[in-house]
Amino acid sequence: MQIISFLFEKHLDKTVLAIAIILSILMLSADEDSQINSARGISSFLFYPVNRVSAYFTDMEQLKEENLRLRELAATLHHERERLTQFREERNRLRQLLGFRKDSFFDFIPCEVTTRSSNRFHHSVTVDRGKGSGIKVGMAVVGYRGLVGRVVQVFGSSSRVLLLNNKSISVSCLDKRSRVVGMLNWERGNLFRLDFIGREEDVLQGDTLITSGFGKILPKGFPVGTVFQVAEEKTELSRRVSVVSMTDLNTLEELFIVVGGRDWDSEDIFNRLDTVKDPAM
């Protein structure tokens, strides 16, 4: 190593020339495939810094384009939020004029599934939230896409959630489009049927079902499933409506417990949103 350092320090040009000659002789003495591979290796080594700089500027351009798209999206969401706020105020005024009771929307406590109990007739999960978090029996539990079950047992730091895919659970549902009401019951896997739907009632393939809120067991408005088949019964006056769950009930990991309602005219959530810096500004 000392000799190589000495040669590069004292005779840099001659040393580089000698290395180039040696490499050229080695390449000329090799077969054609080896020459091509060697040439590729040397060119990759020599042009590596250039390629890195080029990739850096390419990444920068992509980031600028992505940043521009995100700004446009943020601006759109900002205007959409303003529009929804106006709708909310208009809705509140109309409900007040009509004498309707105050509507509410809900707070959610996130939780993680810690254990899962599953057999042919009973499906439930245990989550890492209990009495210490204000959880109570009967509270609805939802996933990212819709309702998954309700709390049936509460312990100090955990709770047991009975899932929708149990024969003992029936959920009163509304067709989101036509407002037809039916009773959702589990059949197998993530498949359900919507009972008590007459031949003349308006339920179509692709319709979304939401909780009706009837009976006040489960809150109104949470997505439950999608209608994937509507068939006429041969001997009955009703129709057979098959439904697939919004959420895959066999792969639950993170859930949200619905812990209570909040009046529509509460400014809390909007005040919290106002504290978030608007990227479109």
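Colleague: Before we go on, what should I know about the model?

Modeller: This is a predicted model, where local features need pLDDT of at least 70 and side-chain atom pairs count only at pLDDT 80 or more, while totals for chains, interfaces and linings use all residues. Residues are numbered from 1 along each chain as its sequence is written, and side-chain values use heavy atoms, with hydrogens and water left out.

Colleague: OK. Is Tyr56 buried, partly exposed or exposed?

Modeller: Partly exposed, at 49% relative accessible area. The cut-offs are under 20% for buried and over 50% for exposed, with partly exposed in between (1.4 Å probe, protein chains only).

Colleague: Which pair links distant parts of the chain?

Modeller: Phe108 and Phe222, which are 114 residues apart. Phe108 is in strand β1 (residues 104-118) and Phe222 is in the loop between β9 and β10. Strands are DSSP runs of E, at least two residues, numbered from the N terminus. The ring centres of Phe108 and Phe222 are 6.1 Å apart with planes at 85°, so this pair is edge-to-face.

Colleague: And how accessible are Phe108 and Phe222?

Modeller: Phe108 is partly exposed at 40%, whereas Phe222 counts as buried at 11%.

Colleague: Switching to the strands: which way do β6 and β9 run?

Modeller: Antiparallel, with three bridges joining β6 (residues 170-175) to β9 (residues 208-211). DSSP has to find at least two bridges for strands to pair. Three bridges also join β9 to β10 (residues 223-232), again antiparallel. Ile210 in β9 stands opposite Leu174, and its bridge partner in β10 is Pro223.

Colleague: How many disulfides are there?

Modeller: Zero in the whole structure, taking a disulfide as two cysteine sulfur atoms within 2.5 Å. Cys111 is buried at 4% relative accessible area, and Cys173 is buried at 1%.

Colleague: Last one: what does Ser242 touch?

Modeller: Leaving out residues up to four places away in sequence, Ser242 touches Phe192, Thr226, Val227, Phe228 and Gln229, where contact means heavy atoms within 4.5 Å. Ser242 lies in β11 (residues 239-245) and is buried at 6%.

Conventions: Helices (H or I, at least four residues) and strands (E, at least two) are DSSP runs, numbered from the N terminus. Rings of Phe, Tyr and Trp (its six-membered ring) pair if their centres lie within 6.5 Å; planes under 30 degrees apart count as stacked, over 60 as edge-to-face and the rest as tilted.
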